[in-house]
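User: I'd like to learn how to read a model like this one, feature by feature. Could you walk me through it?

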Amino acid sequence: MSALPPGVAALLGQARRVVVFTGAGISAESGVPTFRDDLTGLWARFDAERLATPEAFHTDPDLVWGWYEWRRARVRRAEPNAGHRATAAIEALVPGTVVITQNVDDLHERAGSHAPIHLHGSLFAPRCVAEAGHPAAFPAVEGGQGDEPGEGRRIPPPRCADCGALVRPGVVWFGEALPGAALSAAVDAAAACDVLLTVGTSGVVYPAAEIPRIAAHSGATVIQINPEPTPLDRISAVNLRGSAAQMLPTLVD
Ligand code: BJW
């Protein structure tokens, strides 16, 4: 059990509005890979330009859909960890808590968080390419539950049952705008909070990386949990160097 610097738990106990801002690191201990960690990060093994851009999907939809089916299967196999559960406990402790995640998994929801804001979409909300926001109705595809696709396997995307266009992963790729309502709710929560906890994010992908900076500039105390230094060290009043599953529960114990 890691000891907290004096006063940190009290900061949370006295707060009326808390934001928990999470990135891939909070799901790492559930076995979901991060993006930028050396060796284990997805971008150390896969080419983001060939997989996580609209151009990539246009050029090779089978490659992109297969990769996201593999990712989806991995998340389905994963379980929330003590960091996700402690986040839900903070929500119970401080009713004015807003959880903002960059993650496309559903581990916050499965740990009991109420309506986390997903800035980068969801692996579980594929949509039709024909029309922005048109949720896709499509039959079960290969790679569904119980049939786990290999990591390099090409799988043709399904067609939308309504209009016949291709179905794409419901995530936000590089160069795409974030969902407007989610981004504006996140900005509002960051500007209004007393304490923002930033957990397991490298803080380098914009505009999401503005969220902790907005909180700091609006007068909130920023507490960072990350085993490694990040560009958010500068704006964080407290830097807790440790893992999410180890450090977050100490705030609510
Ligand atoms: C632990 C841990 C443990 C490990 N416990 N911690 C140059 C300068 C500035 C900006 C740009 C630029 N060139 C291009 C841009 C814009 C671009 C951007 O920011 N790029 C930067 C990378 C340079 N941004 C965009 O393109 C965004 N859109 C945009 O700007 O649109 C403009 C627009 C406006 C209007 C109309 C049209 C366009 C979109 C960004 C979308 C990001 N998408 C991804 C993929 C999502 C889908 C998928 O999952 O495949 O989102 S990329 C990836 O990065 C993913 C993540 O959500 C995001 C952030 O990563 P995160 O969560 O921080 O993970 P890591 O791996 O980076 O860090 C993990 C951290 O955890 C590390 O610090 C570890 O130490 C730590 N950790 N174990 C606690 N156990």
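User: Where does His120 lie relative to the strands?

Analyst: His120 lies in the loop between β3 (117-118) and β4 (127-128). Bear in mind that this is a predicted model.

User: Is His120 buried, partly exposed or exposed, and why?

Analyst: His120 is partly exposed, because 19 other C-beta atoms lie within 10 Å, and a residue needs 20 or more to count as buried. Setting aside neighbours within four places in sequence, the contacts of His120 are Gln102, Val104, Val171 and Val172.

User: Which residues does the "binding site" annotation cover?

Analyst: In the unreviewed UniProt entry that annotation covers Cys128 and Cys160. They span 33 residues in sequence, yet no two of their C-alpha atoms are more than 6.0 Å apart, so they gather at one spot. Cys128 is part of strand β4, while Cys160 belongs to the loop between β4 and β5 (167-168).

User: Is Cys128 buried or exposed?

Analyst: Cys128 counts as buried, with 24 C-beta neighbours inside 10 Å. Cys160 is likewise buried, with 22 such neighbours inside 10 Å.

User: How many bridges join β1 to β2?

Analyst: Five bridges join strand β1 (residues 18-22) to β2, and the two run parallel.

User: Why is β2 described as largely enclosed?

Analyst: Count the buried residues along the strand. In β2 (residues 97-101), five of the five are buried, so the strand is largely enclosed by the rest of the structure. Then check each face in turn: Thr97, Val99 and Thr101 are buried on one side, and Val98 and Ile100 are buried on the other, so that both faces are covered.

User: And for a helix, which residues of α11 are buried?

Analyst: An α-helix has 3.6 residues a turn, so residues three or four places apart point the same way. In α11 (residues 244-252), the buried residues are Ala244, Ala245, Met247, Leu248 and Leu251. Their cover includes α1 (8-14), α2, α7 (82-93), β6, β7 (221-225) and β8.

User: What should I look for in the backbone angles?

Analyst: Leu39 is not a glycine, yet has a positive phi of about 70°. Leu39 sits in the loop between α2 (25-28) and α3 (42-45) and counts as exposed, with 6 C-beta neighbours inside 10 Å. Ala115, also not a glycine, has a positive phi of about 50°. Its place is in the loop between α8 (107-111) and β3, and Ala115 counts as exposed with 11 C-beta neighbours inside 10 Å.

User: Which peptide bond is cis?

Analyst: The bond from Tyr206 to Pro207 is cis, with omega near 5°. Pro207 is in the loop between β6 (195-199) and α10 (210-217).

User: How are the domains laid out?

Analyst: The domain assignment gives domain 1 (1-32 + 80-124 + 177-253) and domain 2 (33-77 + 127-168). Their C-alpha centres lie 26 Å apart. Eight residues of domain 1 are in contact with nine residues of domain 2. On the domain 1 side, the touching residues are four nonpolar, two polar and two charged.

User: Where does pLDDT stay under 50?

Analyst: That happens over residues 142-146, for which the model has seven contacts beyond four places in sequence. For the protein overall, pLDDT averages 92, and 92% of the residues score at least 70. The model's ipTM is 0.97 and its pTM is 0.95.

Conventions. Residues are numbered from 1 along each chain as its sequence is written. This is a predicted model: local features need pLDDT of at least 70, side-chain atom pairs count only at pLDDT 80 or more; totals for chains, interfaces and linings use all residues. Domain bounds come from an automatic or database domain assignment. Two residues are in contact if their C-beta atoms, placed from the backbone, lie within 7 Å. Ala, Val, Leu, Ile, Met, Phe, Trp, Tyr, Cys and Pro count as nonpolar, Asp, Glu, Lys and Arg as charged, and the others, Gly among them, as polar. pLDDT is the predictor's confidence in each residue, from 0 to 100. Helices (H or I, at least four residues) and strands (E, at least two) are DSSP runs, numbered from the N terminus. A residue is buried if 20 or more other C-beta atoms lie within 10 Å of its own, exposed if 12 or fewer, and partly exposed in between; C-beta atoms are placed from the backbone. Two strands pair if DSSP finds at least two bridges between them. UniProt positions are given in the numbering used here, feature names are shortened, and annotations may be inferred rather than shown by experiment.
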